[in-house]
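Please examine the sequence and the three-dimensional structure shown below.

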Amino acid sequence: MPKKKITPLNEEFDFKLFVTITKKTLPWLLLFIFLGIASAYVYLKYTHPVYQASTIVKVKAENNANTILDINSSFYADQSKTKLAGDIELIRSNIISQRAAAKLPLNISYYAKGNFLDFESYKSTPFTIIPHITDSSIIGTRINIRFNENKRFDLDFTDHSQTLIALKGETGEPLKTPFGEIVVNVGKPNELKIINKNLELGSYYFFFNSADQIVKNLNNAVTVLPLNPDANTILIRTRHQNAEKAADLVNAVATEFIEYDVEKSSEVANRVLEFIDNTINNINDKLSTSENSLADFKRQNKLMDPTSAGSSYISKINVLRDELYEYEFDLSVLEKIASEVNSNTELSSVLFSITGNENSSDVSSAVLELKTLMQERDEILIQATPNSEIYKATIQKIELQKSLLNESIANERDVIQKRKTSVKKQIAKIEGQFGKIPFQQAELGRLERVHSVNEKFYSLLLEKKAEFAITRAGFIPKNLILRKATVAPSPISPNRALIISASLMFGFLCSFLLIMGRYLFYDELNSLEEIQQYTDAALLGVVPRYRKEIPVSQLLVDKNPKSMISESFRSIRTNLQFISNKEGPKVIAVTSTISGEGKTFTAINLAGVLAFSGKRVVILDLDMRKPKIHLGFNVENEKGISTLLIGRDSKQECIHKSSLTNLDIITAGPIPPNPSELIISPKMKDLIAELKTEYDIIIIDTPPVGIVTDGIPIISKVDYPIYIVRSHYSRKVFLNNVNKLMDENDIKDLAIVLNGIEAPRTKYGYNYGYGYGYGYGYGYGYGYGYYEEDSKEYGFFARLKGMFAKS
């Protein structure tokens with residue numbers, strides 16, 4: 001049956017192997033979980049909590065006073081068409097940020113220093129600073145303060161020249177500093193004790209903030225987003241390390257946005273009222289003057305009302321005088337509009353409702369068109385810069401409209417002047433006819449007419465003032481706060497539950513990856529069944545792992561003949577007859593791939609079991625590069641195979657007796673420079689032939705064939721070639737050497753002994769060793785573990801590194 005190809009990765013899933021590796025990885029799992037939880041603890045301990053606050057604003061326009069009074073409100077209807085994007089940009093602008101910053105205590109930032117983190121004491125600081133700063137370079141500099149007993153405190157900071165300045169002061173008293181004068185106040189007498197108690201964990205410090213920096217920080221902290229465009233709702237949100245400050249920031253921005261909108265909406269009405277007030281003051285002076293003149297004239301001339309004969313003339317003149325004063329009022333309004341147009345101020349288009357002049361519709365239309373263009377300019381300026389093309393185009397339209405408006409005002413002024421001149425001529429004509437009446441009576445009538453006109457004009461202005469005052473009072477916020485921000489009870493970051501869960505997942509994930517990595521790259525041999533999958537070599541037996549410390553002699557079968565190890569070697573002794581059952585002396589060669597697989601251990605104990613059975617046994621240590629047999633039997637190594645083969649010592653001089661009957665040893669002797677030549681020399685063949693005449697079994701401990709090829713000629717000629725594989729230590733690729741010995745060197749009787757298998761488990765055990773990258777085959781050279789300690793194991797990461805190095 002063709003054998004499976006040995007690959008670097010496990011291509012088939014073996015559940016038992018997976019379970020075994022999982023059990024062996026449990027300590028790593030606990031370690032990874034511990035590291036994850038420790039990391040989460042450190043992260044949570046040293047990370048500032050971040051709180052989120054948000055408010056929702058709904059955009060809406062309404063003016064109830066205009067509806068009640070039925071005032072011409074085309075200008076205000078135009079204002080109600082607010083674009084959602086424009087409102088968002090307005091909220092983001094410095095205009096709202098400056099107004100909001102002015103309403104909050106942001107000029108000084110107070111911090112409490114703790115063992116791990118520093119926290120901002122927003123509105124909760126136990127002390128306050130009243131500054132009078134004369135040197136602005138102190139702004140942004142950290143100033144440390146520590147309170148002592150008896151209302152004393154220490155102050156220190158580093159100035160712009162990196163000089164440490166330390167000061168002492170008393171609470172409630174002015175303290176002169178290089179940057180000005182400050183007063184440190186403590187609210188209540190017992191709060192100083194509270195401060196000192198809290199300062200056992202740290203001290204306080206504070207910063208002076210500039211107005212520009214406050215506005216910049218506010219703009220960066222607040223996020224404005226459209227929540228529902230169909231419902232015209234805006235979300236104002238911020239995140240901060242102080243929950244109360246976060247709520248105050250968004251509430252202040254939302255409130256100032258609403259107040260700013262109301263102020264802008266009522267600004268035109270305020271300016272109209274201001275114009276009316278100024279006009280009323282002028283008319284009031286004229287009215288007072290006319291009243292005084294009329295009273296004085298009557299008193300001096302003792303006159304009463306005009307005669308009935310002149311009443312018709314007087315009524316005509318009164319009508320003409322009323323018309324004349326209306327023209328004069330219209331001219332003053334036109335002068336006001338022209339002044340505003342030329343001064344680039346906001347236009348009070350509602351002035352046209354005062355005149356009542358139907359012929360002024362051209363001017364009114366031109367003013368409304370100009371107002372619309374100015375509104376477009378303001379909206380564009382919120383979202384674009386003055387250098388943008390759309391802004392420049394709008395400015396050109398405005399200038400053109402101003403020119404048209406000035407022409408309309410000039411035309412309207414000419415028309416009114418002509419009408420005024422006509423009325424004056426009519427009055428002069430009537431007064432000429434009225435001159436036949438006595439002079440005193442005519443003068444009395446004239447004074448009464450002047451007083452009447454001034455009184456009517458005054459009443460008209462008062463009426464208009466009342467209307468526009470009601471209009472201004474009728475402005476309600478067109479932006480409504482649907483939900484005010486509240487102080488967040490818990491932070492949004494760091495999320496403790498998420499971080500702890502992630503740390504646990506990190507532990508499980510790392511463990512799973514480690515398990516999968518170890519499983520995929522696991523290439524150790526653990527059972528006879530695995531060996532059978534990759535080679536046709538005979539399976540001679542297994543040797544259980546010795547759980548206690550192996551003695552220096554490595555001979556265990558004589559210590560406890562009834563032990564499992566002794567029984568396993570007796571089983572191997574029995575199985576040898578299935579390889580060769582011929583009569584006569586037999587030669588056994590024991591080899592392995594690398595050092596540390598139990599080659600010498602197996603040779604010594606197999607020799608002991610054979611000696612117990614009454615066989616005469618001798619052990620030859622041909623591992624002349626790294627001899628060990630002499631250590632196992634505690635004999636000298638001055639004479640041995642090397643000196644015997646070169647003829648320096650005789651066979652009898654090199655044979656050592658062991659403590660067991662029928663068991664002798666020939667050590668390797670001094671390490672020669674040419675062990676390969678000695679092993680393949682004719683004297684070696686002669687030595688084995690001569691030993692066969694004296695011993696029943698000759699056991700040869702050969703060098704590892706995976707490192708050097710010295711022992712292959714001997715192995716190919718022995719009766720029982722034995723190849724040692726160590727469970728949880730030998731790699732699957734080691735079996736390539738077994739297959740090469742059988743195929744290329746024609747060693748068909750090669751048998752395998754699996755050493756170090758777990759006794760309670762027939763297939764998989766514990767104590768996995770890691771390693772990869774040994775050199776297999778013949779002629780590898782000397783070293784690479786051969787001259788290291790046998791117990792050396794190679795780690796998983798070293799093997800992985802070796803794979804990457806090869807790739």
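The sections below move from the whole chain to its sheet, a hairpin, and selected helices and residues.

## Basis of the report

This is a predicted model, in which local features need pLDDT of at least 70 and side-chain atom pairs count only at pLDDT 80 or more, while totals for chains, interfaces and linings use all residues. Residues are numbered from 1 along each chain as its sequence is written, and side-chain values use heavy atoms, with hydrogens and water left out.

## The chain as a whole

The secondary structure comprises 27 helices and 21 strands. Helices (H or I, at least four residues) and strands (E, at least two) are DSSP runs, numbered from the N terminus.

Of the 807 residues in the chain, 47% are buried. Buried means under 20% relative accessible area, exposed means over 50%, and partly exposed lies in between (1.4 Å probe, protein chains only). Contact means heavy atoms within 4.5 Å. Among contacts between residues at least 6 apart in sequence, 80% join residues at least 24 apart.

## A six-stranded sheet

Six strands form an open sheet in the order E3-E2-E10-E5-E6-E7, with antiparallel pairing. Strand E3 (118–120) and strand E7 (164–170) stand at the edges; each has a single partner strand, so one side of each is left without a neighbour in the sheet. From one strand to the next, the twist averages 25°. Such angles run from 0 to 180 degrees between N-to-C directions, and the axes are lines fitted to C-alpha atoms, for helices over the stretch in contact.

Two strands pair if DSSP finds at least two bridges between them. Within this sheet, strand E5 (residues 143–147) and strand E10 (residues 204–208) run antiparallel and are joined by three bridges. Asn144 stands opposite Tyr205 in E10.

## A hairpin

Strand E11 (residues 222–228) and strand E12 (residues 233–240) run antiparallel, joined by six bridges. Val222 stands opposite Thr238 in E12. The hairpin of E11 and E12 has four residues between the strands, and Asn232 takes a positive phi near 55° there.

## Helix H16 and the cysteines

Helix H16 (residues 496–520) has 25 residues and reaches 35 Å from its first C-alpha to its last, close to the 36 Å expected at 1.5 Å a residue. The expected span is 1.5 Å times one less than the number of residues. At the start of H16, a side-chain oxygen of Asn495 comes to within 3.3 Å of the backbone nitrogen of Ala497. The buried residues of H16 include Ile499, Ser503, Gly507 and Leu514.

Cys510 counts as buried because its relative accessibility is 19%; Cys654 counts as buried because its value is 0%. A search of the whole structure finds zero disulfides, a disulfide being a pair of cysteine sulfur atoms within 2.5 Å.

## Two buried residues in other helices

Ser568 is placed in helix H18 (residues 564–579). It counts as buried because its relative accessibility is 8%. A polar atom of the Ser568 side chain lies 2.5 Å from the backbone oxygen of Ile565. Leaving aside neighbours within four places in sequence, Ser568 is in contact with Val542, Val543 and Pro544.

Ile629 lies in helix H20 (residues 629–633). Ile629 is buried, with a relative accessible area of 0%. Leaving aside neighbours within four places in sequence, its contacts include Thr600, Ile604 and Asp701. The C-alpha atoms of Ile629 and Ala603 are separated by 9.3 Å, and these residues are 26 apart along the chain.

Technical notes: Polar contact = N/O pair within 3.5 Å; in protein donor to acceptor, adjacent residues only side chain to side chain.
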